[in-house]
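Please read them with the structure open.

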Amino acid sequence: MTAPRKEIHLAAHFPGVNNTTVWSDPASGSHIEFESFEHFARTAERGKFDFLFLAEGLRLREQNGLIYDLDVVGRPDTFSILAALGAVTERLGLTGTINSTFNEPYEVARQFASLDHLTDGRAAWNVVTSWDEFTGENFRRGGYLPSSQRYSRAKEFLDTAIELWDSWRGDEIVADKESGRFLRDGAVGEFEHRGEQFDIEGRFSVPRSPQGRPVIFQAGDSEEGREFAAAKADAIFSRHSAFEEGREFYRDVKSRLARYGRRREQLLILPAATFVLGDTDAEAADVAHEVRLAQVSGATALRFLEQVWNRDLSDVDPDGPLPQCDPLVGEHTIARGRASVRSYRDPLQTAREWRERAEAKNWSIRELIIEVTGRQAFVGSARTVAARLDDFVQNDVSDGFILVPHITPGGLDRFVDEVVPILQERGSFRADYTGTTLRDHLGIDRVTQGSGRVAS
């Protein structure tokens with residue numbers, strides 16, 4: 001018996017906190033002016049995407065004590081952007097990354113419940129933690145939390161937010177103008193939470209929102225992160241966009257759901273995916289090469305190398321060989337606040353591997369960095385890219401993709417105009433929205449009070 005065809009979930013990530021964006025390209029627009037966000041969101045909605053996604057950095061990253069100006073730096077507050085986008089879109093979900101390490105549950109729960117009301121049920125929260133003291137210096141909490149405590153706080157943070165959302169049943173507001181009675185009873189929004197991380201009580205000020213609760217995303221890839229997603233999240237923002245590693249990640253995370261009384265379809269796995277389109281596969285490959293050269297200039301290549309070598313390499317020629325000196329190992333890092341630092345847990349071993357690869361291929365520093373820092377996940381004509389995306393979903397590598405264009409705000413246009421119609425022809429993507437809320441788009445039912453997970 002043939003399995004039913006899976007429907008692809010598509011979302012759009014407005015980049016701007018890393019060097020994926022080729023901000024120097026003449027076609028690139030502002031990352032601050034609202035017109036850029038509006039164009040991007042309208043394009044995603046025209047393509048019937050599930051949602052728009054915003055990442056967030058709580059501190060500008062530094063290298064050698066200076067702001068890393070080869071990345072895009074500075075962007076308006078996430079909630080301000082999403083609320084404004086809610087007024088110029090009708091169906092598109094709006095997902096924001098908000099940190100659980102330095103914020104407070106009441107404030108975040110109130111903001112997301114408000115956003116869900118203002119957008120008629122289109123809000124989602126990507127729950128993240130912060131790992132470094134560098135970011136903590138911007139907050140009264142200061143310092144940082146060890147990994148185990150970060151996830152302990154995140155779990156209790158989310159549990160507390162859910163308690164706040166659930167403090168309203170959803171039927172309390174009567175608003176009977178004839179009798180003058182507004183509330184069914186006065187005992188609304190009451191909460192009390194006593195825990196290791198939070199000790200709060202009072203009344204939650206926002207009535208139950210259209211989705212019952214905002215959709216919950218999670219982006220961790222560690223053992224703790226995977227378990228947290230399996231227990232709490234509605235979708236996971238994965239970094240595994242290669243076929244085999246993506247399929248293994250998919251299998252692993254989905255296999256964890258049963259122990260929490262959840263079904264496989266109750267957690268969607270959506271990797272970030274870059275793409276380059278051309279009229280032909282060959283043309284797309286040429287464009288992809290040019291994009292990588294733009295993303296990794298000589299100066300950028302040196303900055304990436306410094307993150308492993310942990311020393312100033314500004315006098316090194318990026319078009320020459322790797323430096324003969326070894327990385328400096330220790331607690332101090334010259335690249336404060338950069339997640340990539342955590343990827344190289346053994347800098348000396350990384351340096352040995354990179355030297356072997358560079359010598360075998362006769363690569364310069366820049367050529368090596370272009371290879372080791374990733375490349376476009378999907379490259380080709382519209383038909384080639386559509387077929388490849390569909391292949392991933394039908395073979396349980398993912399449930400869909402969060403697309404990350406290298407140009408904003410217009411980098412999504414061609415995908416929507418050319419790839420989406422082909423996916424629709426294949427029967428793998430919706431021809432139109434069939435619901436109004438983000439939960440509708442994702443196939444996740446509205447949460448009712450006390451249901452724990454999902455209403456059936």
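1. Are helix 9 and helix 12 roughly parallel or roughly perpendicular to each other? The axes of helix 9 (residues 298-309) and helix 12 (residues 365-372) cross at roughly 70° and come within 9 Å, so the two helices are roughly perpendicular. Angles under 35 degrees count as roughly parallel, over 145 as roughly antiparallel, 65 to 115 as roughly perpendicular, and the rest as oblique. Axes are lines fitted to C-alpha atoms, for helices over the stretch in contact, with angles from 0 to 180 degrees between N-to-C directions. Helices (H or I, at least four residues) and strands (E, at least two) are DSSP runs numbered from the N terminus.

2. This is a predicted model, in which local features need pLDDT of at least 70 and side-chain atom pairs count only at pLDDT 80 or more, while totals for chains, interfaces and linings use all residues. Residues are numbered from 1 along each chain as its sequence is written, and side-chain values use heavy atoms, with hydrogens and water left out.

3. Helix 9 passes helix 12 in a left-handed crossing (left-handed if the near helix is turned anticlockwise from the far one by less than a right angle, right-handed if clockwise). Gly-298, Ala-301, Leu-302, Phe-304 and Leu-305 of helix 9 make the contact with Ile-365, Arg-366 and Ile-369 of helix 12; contact means heavy atoms within 4.5 Å. By class these residues are 6 nonpolar, 1 polar and 1 charged. Here Ala, Val, Leu, Ile, Met, Phe, Trp, Tyr, Cys and Pro count as nonpolar, Asp, Glu, Lys and Arg as charged, and the others, Gly among them, as polar.

4. Helix 13 (residues 382-394) and helix 14 (residues 413-425) have axes that come within 9 Å and cross at roughly 55°. These two helices are therefore oblique to each other, and their crossing is right-handed. On the helix 13 side the contact includes Val-385 and Leu-389, and on the helix 14 side Phe-415 and Ile-422. The contact residues divide into 8 nonpolar, no polar and 4 charged.

5. The largest nonpolar core has 66 residues, of which Leu-10, Phe-49, Trp-125, Trp-165 and Phe-415 touch the most other members. Helix 5 (residues 147-165) gives the most to this core, with 8 residues. Apart from it lies another core of 18 residues, including Ala-301 and Ile-365. A nonpolar core is a set of buried Ala, Val, Leu, Ile, Met, Phe, Trp, Tyr and Cys residues joined through side-chain atoms within 4.5 Å. Buried means under 20% relative accessible area, exposed over 50%, and partly exposed in between (1.4 Å probe, protein chains only).

6. Leaving aside neighbours within four places in sequence, Trp-125 is in contact with residues including Phe-112, Phe-157, Trp-165 and Phe-217.

7. Some backbone values deserve a check. Most residues other than glycine have a negative phi, and most peptide bonds are trans. Asp-120, not a glycine, has a positive phi of about 60°; this residue lies in the loop between helix 3 (105-118) and strand 6 (123-128) and is exposed, at 56% relative accessible area. Ala-175, in strand 7 (residues 173-176), has a phi near 50° and is partly exposed at 39%. The peptide bond from Thr-408 to Pro-409 is cis, with omega near 5°, and Pro-409 is in the loop between strand 16 (400-403) and helix 14.
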